[in-house]
Amino acid sequence: MSAVSPLRIDDLTVAYHRKPVLWDIDFSANPGSLTGILGPNGAGKSTLIKACLGLIPKASGRVLFFGQPYETVRERVGYVPQRETVDWDFPVDALDVVCMGLYGRIGWLRRVRRDHKLKAMEALEQVGMADFAHRQIRQLSGGQQQRVFLARALVQDADLYFMDEPFAGVDAATEHAIIEMLRSLRSQGRNILVVHHDLQTVPAYFDQVMLINTRVVAAGPTAEVFNNENLRKTYGGRLTLLDQATHALARRDQPGEPLEHI
Amino acid sequence: MLAEFIDLFDSHNTRVVLTGVTLLGVCSGVIGVFLLLRRRSLMADATSHATLPGIALAFLVQPAFGFAPRFLPGLLLGALIAGLLGMWTIQAIQKVGRIREDAAMGIVLSVFYGFGICLLGIIQTLEQGGASGLKGFIFGKTASMLASDAQLISVSALLVILMVFVFYKEWILLCFDDDFAGSQGWPVTFLDGLLMGAVVVVTVIGLQAVGLILMIALLVVPPAAARFWTDRMSRLLLLSGLFGGGGAFVGAMISASEADLPAGAVIVLSQGVFFVISMFFGRRRGLLGKVVRHQALGWTVRKQHVLRTFYEAFEDKGVTPNLERARLSFETLLKARSWTRFRLGIMLWHMKWSGWVYRHPDGTWGLTRDGWPRAARLVRNHRLWELFLIHYAEIAPAQVDRGADRIEHVLDPAVVDELERLLKETDRGVPMSPHPIPWGEGI
Amino acid sequence: MKKQTIQSIFSLCVLLLLSACGGGGDAVDPDDRPRILVTVGMLTDVVREIAGDAARVEGLMGEGVDPHSFHPAASDVRRIQGADMIFYVGHHLEGRLQGTFVSLAKRDRKVAAMGEKLDSEHLLLDEDGNIDPHLWMDVSLWIEISGHVRDQLTAWLPESAETFATNHDAWVAQLEALDREIQDIIATIPVESRILITAHDAFGYFGRRYEVEVMGIQGLSTESEAGLRHLNRLVDLIVAQNIPAVFVESSVADRNVRALVEGAASRGHAVVIGGELFSDAMGAPGTPEGTYPGMIRHNARTIANALGGEEL
């Protein structure tokens, strides 16, 4: 991979109706990193991703992917939106959804062909969903739906992935499968940015973190940046509540090593 | 009756009307699917009402260009422009004025329509006459459809259906996940505009047939009805077109053969009948299907209970116990669960018919060679699930039928291995129940 | 029935509101003759001829306006409110306005429904028992109405009784000549061709008086919808009876008639649009068709011309 940063954000500001949602964001991802984007609700995590992808207008600032503007490297960037943003009642099956990841490559006016479907099927196998390829997506559990979304990103074969809360509302097995997949993607030299909620798993999952609350509180290697002081700055008074909540939900002896100590 | 129907086809006017409304029904049904999936159904209502001022203004302006005020293509062009303008206004005031979509649609619908009514009033007072033709756009004048109208409808309908073919996958992506579409570089605004433009075209050509008040029904009712029957997009489009065209055809037929009922209303009513039938009998999501599936599920669960009752009574007697002696009396079975004598009887006889259990001459019941492995598998799955739930209570996947879904299909193989390793306490292939079986000792 | 009540209440409310607003603002009007407002042009003509200079007579509905679906604009409401006397035809010809007029009459305003003064034996009913209000199509009935107009004017303005009597006699003489002329014109049409198909059922009295079989695509009111079945029957009739022409009306959209022509053409029968008839409204002011006699004469000539008679 090139030494150029896969994602470089300079001075990014986004505002809705004059109220800034993101303020002067500066960030640079290390090549081949798995980055967690952390922050309280309403901190602008999803907005950051959407602004990077040009889905919402920027008030100011510049975002470069591999040193180039998004429009020219679109095919190298994959996106997994939040699961709740789509209508799971939609009349498509899992395979159809995964095929959508190939639409960009298929292009205008062409149909989805057999080889596309085979490719999508491969991706479904990778996430352990091959048996469910022809299920209507409403009949899948939350974790299964998330895996389908992931498979859709996989077929894009991108070098940089944005994932908006892929771990929200999924079962442990799926969470485990997802993180294993992200690690294997990273080992192939790809870059992944993940909006994440569960602070307990952060050190185990991510080698880089970005703490944001409208502005960047801290960003850098997890070991240096992910500490109580920064968390307090990010979450403010809400951290104690969050602590209690995460402890109550604690399901492992040690974070990041699921299923080995049951 | 039949002869009367055949007679109807002899009439040029009937043929024109039937062709026109059927094609209109098909294309509005097809494009309506995307509208429904994009959750923009009400938008169509707003735009159809928004066409009225366009029609009225065209009526006023046309003489200046040397056309008759009632020159139809001009009126329809006016309707098209006003409809698009109305749609654009909805989006504009949402963005600029921070007004929610439903309110924006309400504003556009009422203001445009009100403006149109005002213009109709002005036209009436102008000393140039002939205003009454415009009323036909509000309620529709199906019976007097001319061949040229039907041709216009056919061309537009073909155009719209062609668009659906061409932009099939793009529109699906747009409706399902427009953020993802945008991230892939699809021109979301353009695709959206194209889709809504097609909707406005269909609305405008339908104005004369069913009128602007009822036009919404043609776009919404067929897709909603079709949704009860299928979960596949291609079939949904096909069915919706079929319901739309069929409803329109039947409606026009009724209006032509029976009393002088206004065809537009009868068309909408026939499509409504399709909807009601679909709601009850729809294969995928119909109410009847739901009830049947619910009953069937109850039946399956109770049969599983019978199998488990047998298995759990004899499981400590070996992998395959002496089936001859593994028998339970009816009374024992009755005590095992809270089922009625009648229901248990029916189930046992049904399972006997399936070859899972047999009835010994002494009146007791036992599992057959077919039934035993079935029961063993069932109990294994059930116990693995139970233990999984005990250990992972807060993260259990939703919507799982614990008896039928093989645990391997739902959980990661690693988890299943883990569970198996942890829970396999006997060598019988079925883990012991994690909770004591209360009546087990008493047999 | 209920709908009409609601409509009349609504109209009244609008009237009261407007009169409250515009109460004292009127400039002094130098012309102090009573103002008479008449709904349709055909009746306006009668009232104007008989009233002469004794009153100012204004028409409410203009050229080409369909009285069945007439919506009063705010200015119309003000005129209704400001008029000293109101003449209308009634029998639901004026659709929505009827209720308003009835309520005004109950409040002792000078409002008279001239069509409703006729004896019921003169009236035609449709299948559903509704009275056909298109009375002016029979000139002899209009002569009778003219007498009622004279009586009504005399009752309200007794000081001008003599003027009214003189004007009435001259007017009636004119109409009697017109009646004979129409009969002569229609007589030139071969008997078997005397079938008149029009956009709506406005020519019932014309047919009865001048012995023409009449049929409308729409019913008595233009607000009714033409059914496909009815349209098919008319096409059958046109083909079977070999009818050469059908007619559009100035105040009704021509789509239905064109559909009829198309339907007949598909069966190999060329029927033409015989011309535009004035049914519920007269022609433009200042033209011959802008008066009652001119309008009736135009209709008769157009019909005769298209159905194989002579214009005379």
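**A sheet, an interface and a domain contact**

Visitor: In this predicted model, over how many bridges do β1 and β4 of chain A pair?
Guide: Strand β1 of chain A covers residues 7–16. It pairs with β4(A) in the antiparallel sense. One bridge joins A:R8 to A:L64 in β4(A). The pairing runs over five bridges.

Visitor: Which strands of chain A stand at the edges of the sheet?
Guide: The sheet is open, with three strands in the order β2-β1-β4, and its pairing is antiparallel. Each edge strand has a single partner strand, so one side of each is left without a neighbour in the sheet. The edge strands are β2 (19–28) and β4 (60–65).

Visitor: At about what angle does helix α1 of chain A run to β2(A)?
Guide: Within the sheet, the twist averages 20° from one strand to the next. Helix α1, residues 45–52, lies across β1, β2 and β4 of chain A. Its angle to β2(A) is about 70°.

Visitor: Which elements of chain B give two or more residues to the side that touches chain C?
Guide: The contact brings 30 residues of chain B against 31 residues of chain C. On the chain B side, nine are nonpolar, 16 polar and five charged. The elements are α2 (12–37), α5 (101–125), α6 (132–139) and α11 (233–257).

Visitor: In chain C, which element gives the most to the side of domain 1 that touches domain 2?
Guide: Domain 1 spans 2–179 and domain 2 spans 183–306. Their contact takes 28 residues from domain 1 and 29 residues from domain 2. On the domain 1 side, α2 (41–51), α5 (139–156) and α6 (161–187) each supply at least two residues. The top contributor, with four residues, is α2(C).

Note on methods
Residues are numbered from 1 along each chain as its sequence is written. Chains are lettered from A and ligands numbered from 1 in the order in which they are written. This is a predicted model: local features need pLDDT of at least 70, side-chain atom pairs count only at pLDDT 80 or more; totals for chains, interfaces and linings use all residues. Two residues are in contact if their C-beta atoms, placed from the backbone, lie within 7 Å. Ala, Val, Leu, Ile, Met, Phe, Trp, Tyr, Cys and Pro count as nonpolar, Asp, Glu, Lys and Arg as charged, and the others, Gly among them, as polar. Two strands pair if DSSP finds at least two bridges between them. Axes are lines fitted to C-alpha atoms, for helices over the stretch in contact, and angles run from 0 to 180 degrees between N-to-C directions. Domain bounds come from an automatic or database domain assignment.
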